[in-house]
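This briefing concerns charged and aromatic side-chain contacts. Please read it alongside the sequence and the structure shown below.

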Amino acid sequence: MATGRTHRPATRSRGIPEATVARLPLYLRALTALSERSVPTVSSEELAAAAGVNSAKLRKDFSYLGSYGTRGVGYDVEYLVYQISRELGLTQDWPVVIVGIGNLGAALAGYGGFASRGFRVAALIDADPAMTGRPVAGIPVQHSDDLERIIQDDGVSIGVIATPAGVAQQVCDRLVGAGVTSILNFAPTVLSVPDGVDVRKVDLSIELQILAFHEQRKAGEEADAENGQDAAETGAVGMAPERRGAPAGASTAAASTAAAPSAAAAASTAGRKGPDGDVPAVMPA
């Protein structure tokens, strides 16, 4: 069986944009669900909705794969599954090591989605001697002293870091030194890596903070809407009589009375006099 050290995906050489690469797993997940339900074809609109993108973007993404679908029929589900899996390098086996077998590392080790998507957990590694030999998800934990040997023996090119932040960079350096060229980092820190090494960071606290921002904004918008409603209701209480259903005559009289001083003041300012010389000329509207 091929390993991750003998083949690299062709996405970069084919010029597929990184944004498109990031969406390919979303399409693959949606297509896999359709395949499991024995759905033979799917339209761009249906697949885009399932993947959470718009159909124009989906069609553009698929054009990079050389797949354009058939007008009136849509896309062949099984062929797209194969095509995207090939582009993502999932038609082969990718051995992965997980370093740091605490609560998070143990949960990752037990995640069943790895194997079904082309990834094999080759080794679990931890610095705690008490963990050595202990099975986690059916895999015995190995000591970090053997990290380099394990990577070489299993041909590992993908490493997962689930250690505390304080040691994550040291672990990263050792992984890279041993030949690992792709790292999935769960440690709450930014890793420094040389050119040619890809790092994907997963920080659950940051994702929660972003969600908290949106929740706060929504709460603020709701408060503004409520304040606006209160202001509108308060304004309605103080409206002129005609706005509250008073007789039209009363409304006209009130408006004339209110308008007279203002008009008189304006006329006085302009220096205009009435016939007797001292009363501003105010003509009723």
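In this predicted model, the side chains of Lys218 and Glu215 form a salt bridge, with an N to O distance of 2.7 Å. Both residues belong to helix α9, where they are three residues apart, about one turn of the helix. Lys218 is partly exposed at a relative accessible area of 40%, and Glu215 is likewise partly exposed at 47%.

**Salt bridges**

- The structure contains eight salt bridges.
- One of them joins Arg120 to Asp93, at 3.2 Å from N to O. Because Arg120 is in strand β4 (residues 119-126) and Asp93 is in the loop between α4 (77-87) and β3 (94-99), this pair ties together parts 27 residues apart in sequence.
- Asp93 has a relative accessibility of 10% and therefore counts as buried, whereas Arg120, at 35%, counts as partly exposed.
- Asp153 and Arg149 form a salt bridge whose closest N and O atoms are 3.2 Å apart. The two residues are located in helix α7 (residues 147-154), four residues apart, about one turn of the helix.
- Asp153 is exposed, with a relative accessibility of 55%, while Arg149 is partly exposed, with a relative accessible area of 42%.
- Asp146, Arg149 and Asp153 are connected in a network of salt bridges.

**Negative surface patch**

- Glu221, Glu222, Asp224, Glu226, Asp230 and Glu233 make up a negative surface patch.
- Within this group, Glu226 is located in helix α9 (residues 204-237). Glu226 has a relative accessible area of 52%, and so is exposed, the threshold being over 50%.

**Aromatic pairs**

- The count of aromatic pairs is three.
- In one of these, the ring centres of Phe62 and Tyr75 are 5.1 Å apart and the planes stand at 85°, so the arrangement is edge-to-face. Phe62 is in helix α3 (residues 55-64) and Tyr75 in strand β2 (residues 75-76), so the contact ties together parts that are 13 residues apart in sequence.
- Phe62 is buried at 0% relative accessibility, and Tyr75 is also buried, at 5%.
- Tyr111 and Phe114 also form an edge-to-face pair, because their ring centres are 5.0 Å apart and their planes are at 85°. Tyr111 is partly exposed at 44% relative accessibility, as is Phe114 at 21%.
- Tyr27, Phe62 and Tyr75 are joined into a cluster by ring pairs.

Notes
Residues numbered from 1 in each chain as written. Predicted model: local features only at pLDDT ≥ 70, side-chain atom pairs only at ≥ 80, totals over all residues. Heavy atoms only, no water. Patch = residues over 30% accessible without salt bridge, like charges linked within 9 Å, V, L, I, M, F, W, Y side chains within 5 Å. Areas by Shrake-Rupley, 256 points an atom, 1.4 Å probe, with all protein chains shown as cover. Salt bridge = Lys/Arg side-chain N within 4 Å of Asp/Glu carboxyl O. Lys, Arg positive; Asp, Glu negative; His and termini not counted. Charge placed at Lys NZ, Arg CZ, Asp CG, Glu CD. Buried < 20%, exposed > 50% of the residue type's maximum accessible area, 1.4 Å probe, protein only. Phe/Tyr/Trp six-rings, centres within 6.5 Å; stacked < 30°, edge-to-face > 60°.
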